[in-house]
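Me: Please take a close look at one part of this model, and describe it in a single connected account. I am interested in local geometry, with the criteria stated.

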Amino acid sequence: MNVEGVSVESVEDATRGRRGQRAAARSTELVPLGRAVGAEWVKLWSVRSTWWCLAGAAALMVLGAVTVGAGEATDLARSGAGNARLTAGEPVLSAAALVPFAMAAMATLVITSEYASRGIWGTLQAVPVRGRVLAAKALVVAPVAAVAGVLSGTAATAAVAAVLSADVFGVRVALPPADIALDLLRMGLFFALVSVMTVGVGAAVRSAAGTLSVVFMLLMGVPMLLLMTGGSVALEASLRMPLFAGLAFLESADTITGGPIPYPAGEGLAWLLAWTAAALAAGHAMLRRRDA
Amino acid sequence: MISLKGLCKRYGDRTAVDDLSLEVRPGAVTGFLGPNGAGKSTTMRLILGLDRPTAGTALIGGVPYRELRNPLRTVGAMLDARALHPGRSGYAHLTALARSNGIARGRVTEVLQTVGMAEVARRRAGALSLGMSQRLGIAAALLGDPEVLIFDEPVNGLDPEGVRWGRHLMRSLADEGRTVFVSSHLMSEMQLTADHLVVIGRGRLIMDAPLAEVIAGSALTAVAVRTPHADDLSARLGAAGVTVERLGENELVATGATIERVGDLAYEAGIRLHELRTREASLEQAYQELTAGSVEYSTRGTAA
(Lines give C-alpha, C1' and ligand atoms only; values in the text may rest on other atoms or scores of the structure.)
Protein backbone atom coordinates (compact mmCIF):
# COMPACT_ATOMS: atom_id res chain seq x y z
CA MET A 1 0.00 0.00 0.00
CA ASN A 2 1.47 3.38 -1.00
CA VAL A 3 1.63 6.47 1.10
CA GLU A 4 -0.96 8.31 -0.98
CA GLY A 5 -3.42 5.49 -0.62
CA VAL A 6 -3.05 5.58 3.11
CA SER A 7 -3.66 9.31 3.28
CA VAL A 8 -6.80 9.06 1.14
CA GLU A 9 -8.12 6.30 3.34
CA SER A 10 -7.39 8.19 6.49
CA VAL A 11 -9.23 11.24 5.17
CA GLU A 12 -12.19 9.03 4.36
CA ASP A 13 -11.95 7.49 7.78
CA ALA A 14 -11.94 10.88 9.38
CA THR A 15 -15.02 11.97 7.43
CA ARG A 16 -16.79 8.75 8.22
CA GLY A 17 -15.65 9.11 11.80
CA ARG A 18 -17.07 12.59 12.16
CA ARG A 19 -20.32 11.60 10.52
CA GLY A 20 -20.38 8.48 12.64
CA GLN A 21 -19.76 10.50 15.76
CA ARG A 22 -22.61 12.82 15.00
CA ALA A 23 -24.90 9.87 14.33
CA ALA A 24 -23.67 8.21 17.50
CA ALA A 25 -24.28 11.37 19.50
CA ARG A 26 -27.82 11.46 18.17
CA SER A 27 -28.37 7.80 18.97
CA THR A 28 -26.86 8.10 22.45
CA GLU A 29 -29.71 10.50 23.10
CA LEU A 30 -32.54 9.08 21.05
CA VAL A 31 -32.23 5.32 21.45
CA PRO A 32 -32.17 5.32 25.26
CA LEU A 33 -34.89 7.98 25.35
CA GLY A 34 -37.05 5.87 23.06
CA ARG A 35 -36.53 2.88 25.32
CA ALA A 36 -37.37 4.89 28.41
CA VAL A 37 -40.55 6.13 26.72
CA GLY A 38 -41.44 2.53 25.86
CA ALA A 39 -41.05 1.54 29.50
CA GLU A 40 -43.19 4.46 30.70
CA TRP A 41 -45.84 3.58 28.15
CA VAL A 42 -46.06 0.02 29.51
CA LYS A 43 -46.19 1.36 33.06
CA LEU A 44 -48.93 3.90 32.28
CA TRP A 45 -51.33 1.35 30.87
CA SER A 46 -50.63 -1.43 33.37
CA VAL A 47 -52.29 0.32 36.32
CA ARG A 48 -55.98 0.97 36.76
CA SER A 49 -55.62 4.54 38.00
CA THR A 50 -54.83 5.75 34.46
CA TRP A 51 -58.14 4.40 33.20
CA TRP A 52 -60.04 5.90 36.12
CA CYS A 53 -58.52 9.33 35.51
CA LEU A 54 -59.28 9.23 31.79
CA ALA A 55 -62.83 7.99 32.43
CA GLY A 56 -63.22 10.83 34.94
CA ALA A 57 -61.92 13.35 32.43
CA ALA A 58 -64.35 12.14 29.77
CA ALA A 59 -67.29 12.18 32.19
CA LEU A 60 -66.44 15.71 33.37
CA MET A 61 -66.18 16.89 29.81
CA VAL A 62 -69.45 15.38 28.54
CA LEU A 63 -71.58 16.05 31.60
CA GLY A 64 -70.09 19.53 32.07
CA ALA A 65 -70.70 20.46 28.45
CA VAL A 66 -74.28 19.17 28.43
CA THR A 67 -75.08 20.93 31.71
CA VAL A 68 -73.60 24.25 30.59
CA GLY A 69 -75.23 23.89 27.18
CA ALA A 70 -78.64 23.16 28.71
CA GLY A 71 -78.27 26.24 30.91
CA GLU A 72 -77.39 28.46 27.97
CA ALA A 73 -80.21 27.05 25.85
CA THR A 74 -82.72 27.64 28.63
CA ASP A 75 -81.49 31.23 29.03
CA LEU A 76 -81.77 31.79 25.30
CA ALA A 77 -85.27 30.35 25.18
CA ARG A 78 -86.37 32.43 28.20
CA SER A 79 -85.00 35.62 26.67
CA GLY A 80 -87.62 35.05 24.02
CA ALA A 81 -85.31 34.99 21.03
CA GLY A 82 -87.33 32.67 18.84
CA ASN A 83 -85.26 29.99 17.13
CA ALA A 84 -81.99 31.23 18.69
CA ARG A 85 -78.74 29.67 17.49
CA LEU A 86 -76.36 28.01 19.89
CA THR A 87 -72.88 26.88 18.83
CA ALA A 88 -72.20 23.37 20.12
CA GLY A 89 -68.52 24.16 20.71
CA GLU A 90 -69.12 26.89 23.29
CA PRO A 91 -70.42 24.76 26.16
CA VAL A 92 -67.64 22.26 25.45
CA LEU A 93 -65.02 24.98 25.90
CA SER A 94 -66.62 25.99 29.19
CA ALA A 95 -66.50 22.41 30.39
CA ALA A 96 -62.87 22.21 29.28
CA ALA A 97 -61.99 24.45 32.23
CA LEU A 98 -62.77 21.53 34.56
CA VAL A 99 -60.95 18.73 32.75
CA PRO A 100 -57.35 19.88 33.45
CA PHE A 101 -57.85 18.68 37.03
CA ALA A 102 -58.50 15.13 35.85
CA MET A 103 -55.48 15.32 33.52
CA ALA A 104 -53.39 16.58 36.42
CA ALA A 105 -54.54 13.61 38.49
CA MET A 106 -53.42 11.18 35.81
CA ALA A 107 -50.05 12.87 35.38
CA THR A 108 -49.58 13.12 39.15
CA LEU A 109 -49.92 9.38 39.56
CA VAL A 110 -47.40 8.72 36.79
CA ILE A 111 -44.66 10.09 39.00
CA THR A 112 -45.88 10.17 42.61
CA SER A 113 -47.05 6.54 42.64
CA GLU A 114 -43.42 5.59 42.05
CA TYR A 115 -42.27 7.56 45.06
CA ALA A 116 -45.12 6.17 47.19
CA SER A 117 -44.26 2.57 46.30
CA ARG A 118 -40.49 3.23 46.03
CA GLY A 119 -40.77 1.83 42.52
CA ILE A 120 -38.72 4.90 41.59
CA TRP A 121 -35.64 2.94 42.71
CA GLY A 122 -36.24 0.40 39.98
CA THR A 123 -36.99 3.16 37.47
CA LEU A 124 -33.75 5.01 38.24
CA GLN A 125 -31.74 1.79 38.25
CA ALA A 126 -33.02 1.11 34.75
CA VAL A 127 -32.64 4.72 33.58
CA PRO A 128 -30.11 6.49 35.79
CA VAL A 129 -30.15 9.72 33.78
CA ARG A 130 -32.67 11.83 35.71
CA GLY A 131 -33.57 14.10 32.82
CA ARG A 132 -34.29 11.11 30.62
CA VAL A 133 -36.76 9.67 33.13
CA LEU A 134 -38.54 13.01 33.36
CA ALA A 135 -38.58 13.46 29.58
CA ALA A 136 -39.90 9.93 29.07
CA LYS A 137 -42.76 10.49 31.51
CA ALA A 138 -43.62 13.82 29.90
CA LEU A 139 -43.49 12.31 26.42
CA VAL A 140 -45.91 9.59 27.49
CA VAL A 141 -48.52 11.68 29.34
CA ALA A 142 -48.60 14.47 26.73
CA PRO A 143 -50.00 12.51 23.78
CA VAL A 144 -52.32 10.54 26.04
CA ALA A 145 -53.76 13.74 27.48
CA ALA A 146 -54.00 15.27 24.01
CA VAL A 147 -55.82 12.30 22.51
CA ALA A 148 -58.07 12.07 25.56
CA GLY A 149 -58.89 15.76 25.12
CA VAL A 150 -59.74 15.41 21.45
CA LEU A 151 -61.82 12.26 21.95
CA SER A 152 -63.72 13.42 25.03
CA GLY A 153 -64.22 16.83 23.39
CA THR A 154 -65.68 15.13 20.33
CA ALA A 155 -67.99 13.07 22.50
CA ALA A 156 -69.02 16.18 24.44
CA THR A 157 -69.74 18.13 21.25
CA ALA A 158 -71.86 15.28 19.92
CA ALA A 159 -73.69 15.00 23.24
CA VAL A 160 -74.40 18.74 23.35
CA ALA A 161 -75.69 18.66 19.78
CA ALA A 162 -77.87 15.62 20.46
CA VAL A 163 -79.35 16.79 23.75
CA LEU A 164 -79.95 20.43 22.82
CA SER A 165 -81.59 19.51 19.53
CA ALA A 166 -84.49 18.21 21.59
CA ASP A 167 -87.63 20.33 21.05
CA VAL A 168 -87.95 21.33 24.72
CA PHE A 169 -85.01 23.71 24.37
CA GLY A 170 -86.33 25.41 21.30
CA VAL A 171 -82.91 26.39 19.97
CA ARG A 172 -81.04 25.54 16.80
CA VAL A 173 -77.65 23.97 17.42
CA ALA A 174 -74.87 25.04 15.07
CA LEU A 175 -71.97 22.67 14.35
CA PRO A 176 -69.34 24.61 12.36
CA PRO A 177 -66.90 21.76 11.58
CA ALA A 178 -63.71 23.79 11.06
CA ASP A 179 -64.17 25.77 14.28
CA ILE A 180 -64.95 22.64 16.23
CA ALA A 181 -61.93 20.81 14.87
CA LEU A 182 -59.67 23.71 15.80
CA ASP A 183 -61.20 23.88 19.29
CA LEU A 184 -60.63 20.18 19.81
CA LEU A 185 -57.00 20.33 18.73
CA ARG A 186 -56.31 23.31 20.98
CA MET A 187 -58.01 21.51 23.84
CA GLY A 188 -55.77 18.50 23.30
CA LEU A 189 -52.67 20.68 23.36
CA PHE A 190 -53.90 22.52 26.46
CA PHE A 191 -54.45 19.25 28.33
CA ALA A 192 -51.12 17.87 27.16
CA LEU A 193 -49.30 20.91 28.55
CA VAL A 194 -51.17 20.73 31.87
CA SER A 195 -50.23 17.06 32.22
CA VAL A 196 -46.56 17.76 31.42
CA MET A 197 -46.53 20.65 33.89
CA THR A 198 -47.93 18.27 36.50
CA VAL A 199 -45.17 15.73 35.83
CA GLY A 200 -42.64 18.50 36.50
CA VAL A 201 -44.35 19.49 39.74
CA GLY A 202 -44.60 15.82 40.76
CA ALA A 203 -40.87 15.27 40.24
CA ALA A 204 -40.17 18.25 42.46
CA VAL A 205 -42.75 17.50 45.17
CA ARG A 206 -42.88 13.67 45.07
CA SER A 207 -46.03 13.10 47.12
CA ALA A 208 -49.42 12.77 45.43
CA ALA A 209 -51.20 15.04 47.90
CA GLY A 210 -48.48 17.67 47.65
CA THR A 211 -48.39 17.56 43.87
CA LEU A 212 -52.15 17.84 43.49
CA SER A 213 -52.19 20.73 45.98
CA VAL A 214 -49.48 22.62 44.12
CA VAL A 215 -51.13 22.02 40.76
CA PHE A 216 -54.52 23.04 42.15
CA MET A 217 -52.99 26.20 43.58
CA LEU A 218 -51.42 26.99 40.21
CA LEU A 219 -54.60 26.31 38.28
CA MET A 220 -57.22 27.69 40.65
CA GLY A 221 -56.07 28.69 44.13
CA VAL A 222 -53.59 31.43 43.33
CA PRO A 223 -55.60 33.01 40.49
CA MET A 224 -58.68 33.09 42.74
CA LEU A 225 -56.74 34.71 45.58
CA LEU A 226 -55.31 37.25 43.15
CA LEU A 227 -58.76 38.01 41.77
CA MET A 228 -60.10 38.49 45.29
CA THR A 229 -57.53 41.17 46.06
CA GLY A 230 -59.22 43.17 43.34
CA GLY A 231 -56.11 45.09 42.28
CA SER A 232 -55.53 45.56 38.58
CA VAL A 233 -51.99 44.14 38.71
CA ALA A 234 -53.29 41.12 40.60
CA LEU A 235 -56.01 40.67 38.00
CA GLU A 236 -53.53 40.82 35.14
CA ALA A 237 -51.25 38.35 36.94
CA SER A 238 -54.05 35.92 37.69
CA LEU A 239 -55.01 35.88 34.03
CA ARG A 240 -51.48 34.71 33.18
CA MET A 241 -51.69 31.67 35.44
CA PRO A 242 -51.92 28.35 33.55
CA LEU A 243 -55.67 27.71 33.66
CA PHE A 244 -56.66 31.19 32.40
CA ALA A 245 -53.78 31.13 29.93
CA GLY A 246 -55.24 27.86 28.64
CA LEU A 247 -58.73 29.37 28.40
CA ALA A 248 -57.26 32.31 26.51
CA PHE A 249 -55.62 29.85 24.14
CA LEU A 250 -59.00 28.13 23.65
CA GLU A 251 -60.63 31.56 23.09
CA SER A 252 -63.37 30.46 25.44
CA ALA A 253 -66.05 33.17 25.45
CA ASP A 254 -67.43 32.47 28.87
CA THR A 255 -64.94 31.94 31.70
CA ILE A 256 -65.09 32.25 35.46
CA THR A 257 -63.91 35.83 35.06
CA GLY A 258 -67.25 36.60 33.46
CA GLY A 259 -66.12 36.86 29.85
CA PRO A 260 -63.34 35.96 27.47
CA ILE A 261 -59.73 36.32 28.63
CA PRO A 262 -58.65 39.74 27.33
CA TYR A 263 -55.54 38.77 25.40
CA PRO A 264 -54.87 36.78 22.20
CA ALA A 265 -54.78 32.98 21.96
CA GLY A 266 -51.10 32.99 21.00
CA GLU A 267 -50.16 34.78 24.20
CA GLY A 268 -52.20 32.24 26.16
CA LEU A 269 -50.22 29.43 24.56
CA ALA A 270 -46.96 31.23 25.32
CA TRP A 271 -47.85 31.55 29.02
CA LEU A 272 -48.92 27.94 29.14
CA LEU A 273 -45.61 26.86 27.61
CA ALA A 274 -43.70 29.05 30.04
CA TRP A 275 -45.44 27.50 33.06
CA THR A 276 -44.85 24.01 31.72
CA ALA A 277 -41.16 24.73 31.09
CA ALA A 278 -40.76 26.20 34.57
CA ALA A 279 -42.38 23.18 36.21
CA LEU A 280 -40.20 20.78 34.21
CA ALA A 281 -37.07 22.73 35.09
CA ALA A 282 -38.00 22.64 38.78
CA GLY A 283 -38.71 18.91 38.61
CA HIS A 284 -35.45 18.24 36.81
CA ALA A 285 -33.40 20.28 39.27
CA MET A 286 -34.95 18.46 42.24
CA LEU A 287 -34.56 15.03 40.64
CA ARG A 288 -30.89 15.70 40.06
CA ARG A 289 -30.17 17.24 43.42
CA ARG A 290 -32.10 14.99 45.80
CA ASP A 291 -31.37 11.37 46.59
CA ALA A 292 -33.92 8.95 45.23
CA MET B 1 -16.15 -5.90 39.98
CA ILE B 2 -17.40 -3.23 42.37
CA SER B 3 -14.83 -0.77 43.74
CA LEU B 4 -15.50 1.66 46.52
CA LYS B 5 -12.93 4.34 47.28
CA GLY B 6 -13.24 6.53 50.35
CA LEU B 7 -17.01 6.35 50.07
CA CYS B 8 -18.82 8.66 52.49
CA LYS B 9 -22.46 9.52 52.94
CA ARG B 10 -23.73 11.97 55.51
CA TYR B 11 -27.37 12.82 56.12
CA GLY B 12 -27.25 16.04 58.09
CA ASP B 13 -24.91 15.33 60.98
CA ARG B 14 -25.45 11.57 60.85
CA THR B 15 -22.75 9.66 59.02
CA ALA B 16 -24.25 6.60 57.36
CA VAL B 17 -21.17 5.50 55.43
CA ASP B 18 -17.73 6.56 56.60
CA ASP B 19 -14.68 6.35 54.35
CA LEU B 20 -15.47 2.91 52.96
CA SER B 21 -12.92 1.42 50.57
CA LEU B 22 -13.21 -2.11 49.27
CA GLU B 23 -13.41 -4.27 46.18
CA VAL B 24 -16.03 -6.87 45.50
CA ARG B 25 -14.52 -9.41 43.15
CA PRO B 26 -16.10 -11.50 40.42
CA GLY B 27 -16.47 -15.25 40.70
CA ALA B 28 -17.38 -15.22 44.37
CA VAL B 29 -20.33 -14.58 46.64
CA THR B 30 -19.39 -11.68 48.88
CA GLY B 31 -21.51 -11.44 52.01
CA PHE B 32 -22.15 -7.93 53.28
CA LEU B 33 -22.78 -7.96 57.02
CA GLY B 34 -23.35 -5.45 59.73
CA PRO B 35 -25.84 -4.55 62.46
CA ASN B 36 -29.02 -2.64 61.63
CA GLY B 37 -28.14 0.92 60.69
CA ALA B 38 -24.54 0.00 59.87
CA GLY B 39 -24.93 1.49 56.39
CA LYS B 40 -25.36 -1.63 54.26
CA SER B 41 -28.41 -0.45 52.36
CA THR B 42 -26.98 3.06 52.00
CA THR B 43 -23.78 1.59 50.54
CA MET B 44 -25.84 -0.35 48.02
CA ARG B 45 -27.84 2.74 47.12
CA LEU B 46 -24.61 4.64 46.56
CA ILE B 47 -23.30 1.88 44.30
CA LEU B 48 -26.52 2.03 42.29
CA GLY B 49 -26.40 5.78 41.91
CA LEU B 50 -29.69 6.24 43.79
CA ASP B 51 -27.99 8.45 46.38
CA ARG B 52 -25.06 10.74 45.75
CA PRO B 53 -22.00 10.15 47.90
CA THR B 54 -20.85 13.02 50.12
CA ALA B 55 -17.30 12.03 49.20
CA GLY B 56 -15.50 9.20 47.46
CA THR B 57 -16.52 7.03 44.52
CA ALA B 58 -18.39 3.84 43.82
CA LEU B 59 -17.47 2.28 40.49
CA ILE B 60 -18.73 -0.74 38.62
CA GLY B 61 -16.14 -2.11 36.24
CA GLY B 62 -14.44 1.27 36.55
CA VAL B 63 -17.54 3.32 35.66
CA PRO B 64 -19.97 5.17 37.94
CA TYR B 65 -23.43 3.61 37.80
CA ARG B 66 -25.04 6.74 36.37
CA GLU B 67 -22.78 6.53 33.33
CA LEU B 68 -23.64 2.95 32.44
CA ARG B 69 -25.44 2.48 29.15
CA ASN B 70 -28.30 0.03 29.63
CA PRO B 71 -27.32 -0.45 33.28
CA LEU B 72 -29.63 -3.44 33.81
CA ARG B 73 -27.41 -5.40 31.43
CA THR B 74 -24.41 -4.73 33.66
CA VAL B 75 -25.84 -4.60 37.16
CA GLY B 76 -28.89 -6.42 38.46
CA ALA B 77 -30.03 -5.38 41.89
CA MET B 78 -32.79 -6.04 44.35
CA LEU B 79 -32.93 -3.58 47.21
CA ASP B 80 -36.48 -4.06 48.39
CA ALA B 81 -38.75 -6.65 46.83
CA ARG B 82 -41.84 -4.60 47.72
CA ALA B 83 -40.56 -1.48 46.00
CA LEU B 84 -42.90 -1.59 43.02
CA HIS B 85 -46.37 -0.38 42.15
CA PRO B 86 -48.78 -2.73 43.94
CA GLY B 87 -51.35 -2.45 41.16
CA ARG B 88 -49.04 -3.55 38.36
CA SER B 89 -48.54 -7.20 37.47
CA GLY B 90 -45.11 -8.75 37.77
CA TYR B 91 -45.18 -9.39 34.05
CA ALA B 92 -45.87 -5.74 33.21
CA HIS B 93 -43.23 -4.61 35.72
CA LEU B 94 -40.58 -6.77 34.08
CA THR B 95 -41.75 -5.83 30.57
CA ALA B 96 -41.29 -2.14 31.38
CA LEU B 97 -37.82 -2.79 32.78
CA ALA B 98 -36.88 -4.87 29.74
CA ARG B 99 -38.02 -2.13 27.36
CA SER B 100 -36.07 0.53 29.19
CA ASN B 101 -32.81 -1.31 28.55
CA GLY B 102 -33.51 -2.84 25.16
CA ILE B 103 -33.76 -6.36 26.56
CA ALA B 104 -35.60 -8.90 24.40
CA ARG B 105 -39.20 -9.52 25.43
CA GLY B 106 -38.61 -13.28 25.61
CA ARG B 107 -36.22 -12.70 28.47
CA VAL B 108 -39.18 -11.70 30.69
CA THR B 109 -40.80 -15.11 30.39
CA GLU B 110 -37.42 -16.73 30.82
CA VAL B 111 -36.57 -15.08 34.14
CA LEU B 112 -40.12 -15.62 35.41
CA GLN B 113 -39.57 -19.33 34.82
CA THR B 114 -36.11 -19.20 36.41
CA VAL B 115 -37.56 -17.87 39.65
CA GLY B 116 -40.55 -20.18 39.48
CA MET B 117 -43.34 -17.62 39.32
CA ALA B 118 -44.60 -18.00 35.76
CA GLU B 119 -48.09 -18.88 37.04
CA VAL B 120 -48.56 -15.81 39.22
CA ALA B 121 -46.88 -13.34 36.87
CA ARG B 122 -50.20 -11.80 35.79
CA ARG B 123 -51.33 -11.16 39.34
CA ARG B 124 -51.12 -7.66 40.82
CA ALA B 125 -47.82 -7.29 42.63
CA GLY B 126 -49.61 -6.12 45.77
CA ALA B 127 -51.42 -9.46 45.96
CA LEU B 128 -48.20 -11.50 45.98
CA SER B 129 -46.85 -13.09 49.16
CA LEU B 130 -43.56 -11.72 50.48
CA GLY B 131 -41.81 -14.82 49.17
CA MET B 132 -43.25 -14.32 45.69
CA SER B 133 -42.38 -10.61 45.74
CA GLN B 134 -38.86 -11.63 46.64
CA ARG B 135 -38.73 -13.96 43.65
CA LEU B 136 -40.07 -11.20 41.41
CA GLY B 137 -37.33 -8.89 42.70
CA ILE B 138 -34.71 -11.51 41.94
CA ALA B 139 -36.23 -11.99 38.47
CA ALA B 140 -35.87 -8.25 37.85
CA ALA B 141 -32.23 -8.41 38.92
CA LEU B 142 -31.54 -11.31 36.55
CA LEU B 143 -33.42 -9.73 33.64
CA GLY B 144 -30.45 -8.17 31.86
CA ASP B 145 -28.18 -11.19 32.38
CA PRO B 146 -25.81 -8.85 34.29
CA GLU B 147 -22.18 -9.32 35.29
CA VAL B 148 -22.78 -7.83 38.72
CA LEU B 149 -25.59 -8.77 41.09
CA ILE B 150 -26.51 -6.90 44.24
CA PHE B 151 -29.07 -8.27 46.66
CA ASP B 152 -30.24 -6.69 49.90
CA GLU B 153 -31.61 -9.45 52.14
CA PRO B 154 -32.63 -11.69 49.25
CA VAL B 155 -33.94 -14.67 51.18
CA ASN B 156 -36.04 -12.58 53.55
CA GLY B 157 -39.53 -14.06 53.52
CA LEU B 158 -38.68 -17.14 51.50
CA ASP B 159 -39.75 -20.53 52.80
CA PRO B 160 -37.05 -23.14 53.55
CA GLU B 161 -37.27 -24.50 50.01
CA GLY B 162 -36.98 -20.96 48.68
CA VAL B 163 -33.98 -20.25 50.92
CA ARG B 164 -32.23 -23.32 49.54
CA TRP B 165 -33.12 -22.25 46.02
CA GLY B 166 -31.74 -18.77 46.69
CA ARG B 167 -28.51 -20.21 48.04
CA HIS B 168 -28.01 -22.36 44.94
CA LEU B 169 -28.82 -19.42 42.71
CA MET B 170 -26.17 -17.19 44.34
CA ARG B 171 -23.65 -20.01 44.16
CA SER B 172 -24.26 -20.72 40.48
CA LEU B 173 -24.18 -17.01 39.59
CA ALA B 174 -20.76 -16.72 41.24
CA ASP B 175 -19.59 -19.95 39.62
CA GLU B 176 -20.45 -18.42 36.24
CA GLY B 177 -17.88 -15.76 37.05
CA ARG B 178 -20.28 -13.00 38.08
CA THR B 179 -19.81 -10.61 40.97
CA VAL B 180 -22.39 -11.38 43.65
CA PHE B 181 -22.75 -8.93 46.54
CA VAL B 182 -25.34 -9.99 49.12
CA SER B 183 -26.34 -8.42 52.38
CA SER B 184 -28.00 -10.51 55.02
CA HIS B 185 -28.50 -10.74 58.73
CA LEU B 186 -29.00 -14.50 58.60
CA MET B 187 -25.53 -15.62 59.64
CA SER B 188 -26.19 -19.31 59.24
CA GLU B 189 -27.30 -18.60 55.70
CA MET B 190 -24.24 -16.48 54.95
CA GLN B 191 -21.98 -19.17 56.35
CA LEU B 192 -23.40 -21.55 53.77
CA THR B 193 -23.42 -19.12 50.84
CA ALA B 194 -20.57 -16.66 51.06
CA ASP B 195 -16.94 -17.10 50.04
CA HIS B 196 -15.86 -13.71 51.18
CA LEU B 197 -17.18 -11.37 53.84
CA VAL B 198 -17.33 -7.64 54.22
CA VAL B 199 -18.39 -6.54 57.69
CA ILE B 200 -19.24 -2.93 58.48
CA GLY B 201 -20.38 -1.19 61.63
CA ARG B 202 -21.44 2.44 62.02
CA GLY B 203 -20.57 2.94 58.38
CA ARG B 204 -16.96 1.87 58.79
CA LEU B 205 -15.21 -1.20 57.46
CA ILE B 206 -14.58 -3.75 60.21
CA MET B 207 -13.48 -6.76 58.20
CA ASP B 208 -12.85 -7.63 54.57
CA ALA B 209 -11.65 -11.23 54.42
CA PRO B 210 -12.45 -14.73 53.20
CA LEU B 211 -15.13 -16.52 55.23
CA ALA B 212 -12.66 -19.15 56.47
CA GLU B 213 -10.34 -16.48 57.79
CA VAL B 214 -13.11 -14.70 59.66
CA ILE B 215 -14.12 -17.90 61.38
CA ALA B 216 -10.55 -18.96 62.18
CA GLY B 217 -9.94 -15.53 63.69
CA SER B 218 -12.74 -15.87 66.18
CA ALA B 219 -11.80 -16.28 69.84
CA LEU B 220 -14.42 -18.97 69.94
CA THR B 221 -12.55 -21.14 67.48
CA ALA B 222 -10.92 -23.59 69.86
CA VAL B 223 -9.50 -27.07 70.32
CA ALA B 224 -11.75 -29.62 71.97
CA VAL B 225 -10.11 -32.50 73.83
CA ARG B 226 -11.56 -35.65 75.37
CA THR B 227 -9.26 -37.47 77.77
CA PRO B 228 -9.55 -39.66 80.90
CA HIS B 229 -6.92 -37.39 82.52
CA ALA B 230 -8.66 -34.09 82.15
CA ASP B 231 -7.34 -32.62 85.43
CA ASP B 232 -3.77 -33.42 84.50
CA LEU B 233 -4.02 -32.02 80.99
CA SER B 234 -5.84 -28.93 82.21
CA ALA B 235 -2.94 -28.15 84.56
CA ARG B 236 -0.38 -28.80 81.84
CA LEU B 237 -2.12 -26.57 79.30
CA GLY B 238 -2.65 -23.88 81.93
CA ALA B 239 1.04 -23.89 82.74
CA ALA B 240 1.80 -23.47 79.03
CA GLY B 241 -0.35 -20.35 78.91
CA VAL B 242 -3.35 -21.90 77.16
CA THR B 243 -6.82 -20.92 78.35
CA VAL B 244 -8.75 -24.01 79.32
CA GLU B 245 -12.43 -24.47 79.91
CA ARG B 246 -13.72 -27.63 81.53
CA LEU B 247 -16.85 -28.85 79.82
CA GLY B 248 -17.41 -32.17 81.56
CA GLU B 249 -15.72 -35.00 83.42
CA ASN B 250 -13.52 -35.88 80.45
CA GLU B 251 -13.82 -32.84 78.22
CA LEU B 252 -11.79 -29.68 77.85
CA VAL B 253 -11.83 -26.78 75.43
CA ALA B 254 -8.55 -24.99 74.86
CA THR B 255 -8.37 -21.55 73.30
CA GLY B 256 -5.27 -19.63 72.29
CA ALA B 257 -3.36 -22.61 70.94
CA THR B 258 -3.30 -24.56 67.69
CA ILE B 259 -4.49 -28.13 67.58
CA GLU B 260 -0.87 -29.21 66.97
CA ARG B 261 0.36 -27.48 70.12
CA VAL B 262 -2.37 -29.02 72.31
CA GLY B 263 -1.57 -32.47 70.88
CA ASP B 264 2.18 -32.00 71.44
CA LEU B 265 1.70 -30.83 75.04
CA ALA B 266 -0.43 -33.90 75.79
CA TYR B 267 2.17 -36.16 74.14
CA GLU B 268 5.01 -34.64 76.13
CA ALA B 269 3.09 -35.26 79.39
CA GLY B 270 2.23 -38.79 78.34
CA ILE B 271 -1.49 -38.12 78.55
CA ARG B 272 -3.81 -40.38 76.54
CA LEU B 273 -6.31 -38.59 74.30
CA HIS B 274 -9.57 -40.07 73.10
CA GLU B 275 -10.46 -37.15 70.92
CA LEU B 276 -8.70 -34.07 69.61
CA ARG B 277 -10.46 -31.76 67.21
CA THR B 278 -10.86 -28.14 66.17
CA ARG B 279 -14.13 -26.64 67.27
CA GLU B 280 -14.94 -23.90 64.82
CA ALA B 281 -16.84 -20.88 65.88
CA SER B 282 -20.00 -20.27 63.92
CA LEU B 283 -20.10 -17.23 61.70
CA GLU B 284 -22.70 -15.89 64.08
CA GLN B 285 -20.23 -16.01 66.99
CA ALA B 286 -17.39 -14.56 64.95
CA TYR B 287 -19.69 -11.83 63.70
CA GLN B 288 -20.85 -10.93 67.18
CA GLU B 289 -17.28 -10.49 68.37
CA LEU B 290 -16.49 -8.31 65.38
CA THR B 291 -19.48 -6.05 65.70
CA ALA B 292 -19.84 -5.95 69.49
CA GLY B 293 -18.46 -2.43 69.58
CA SER B 294 -20.56 -1.02 66.79
CA VAL B 295 -24.12 -2.11 67.40
CA GLU B 296 -26.21 1.01 66.97
CA TYR B 297 -29.28 -0.11 68.83
CA SER B 298 -27.97 -2.24 71.64
CA THR B 299 -30.63 -3.70 73.91
CA ARG B 300 -28.32 -3.35 76.87
CA GLY B 301 -27.90 0.35 76.38
CA THR B 302 -31.57 1.14 76.66
CA ALA B 303 -31.75 0.70 80.44
CA ALA B 304 -29.27 3.52 81.07
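Reply: Two strands pair if DSSP finds at least two bridges between them; helices (H or I, at least four residues) and strands (E, at least two) are DSSP runs numbered from the N terminus. Residues count from 1 along each chain as its sequence is written, with chains lettered from A and ligands numbered from 1 in written order. The model is predicted: local features need pLDDT of at least 70, side-chain atom pairs 80 or more, while totals for chains, interfaces and linings use all residues.

Chain B is the part examined here. An automatic or database assignment divides chain B into domain 1 (2-209) and domain 2 (222-279). The C-alpha centres of domain 1 and domain 2 of chain B are 45 Å apart.

Consider β13(B), residues 251-255, to begin with. Strand β11(B), residues 222-226, runs antiparallel to β13(B) and is joined to β13(B) by 4 bridges; in this pairing Ala224(B) has Val253(B) as its bridge partner. Strand β12(B), residues 243-248, also pairs with β13(B) in the antiparallel sense, over 5 bridges, and Gly248(B) stands opposite Glu251(B). Of the two faces of β13(B), the covered one consists of Leu252(B) and Ala254(B), whereas Glu251(B), Val253(B) and Thr255(B) make up the uncovered one. Glu251(B) therefore belongs to the uncovered face (a residue is buried with 20 or more other C-beta atoms within 10 Å of its own, exposed with 12 or fewer, partly exposed in between, C-beta atoms being placed from the backbone).

A further hairpin is formed by β9(B), residues 196-201, and β10(B), residues 204-210. These antiparallel strands are joined by 6 bridges, and Ile200(B) stands opposite Leu205(B) of β10(B). The hairpin has 2 residues between its strands, and Arg202(B) takes a positive phi near 50°.

Val108(B), Val111(B) and Leu112(B) are buried in α3(B). They lie on the same side of α3(B) because they cover an arc of only 105° around the axis, the arc being that of the directions from the axis to the C-beta atoms. Gly106(B) and Gln113(B), on the other side of α3(B), are exposed. The cover over the buried residues of α3(B) includes α2(B), residues 90-100, and α4(B), residues 130-142 (contact: backbone-placed C-beta atoms within 7 Å). Just after α3(B), Gly116(B) has a positive phi of about 70°.

Methods
Two residues are in contact if their C-beta atoms, placed from the backbone, lie within 7 Å.
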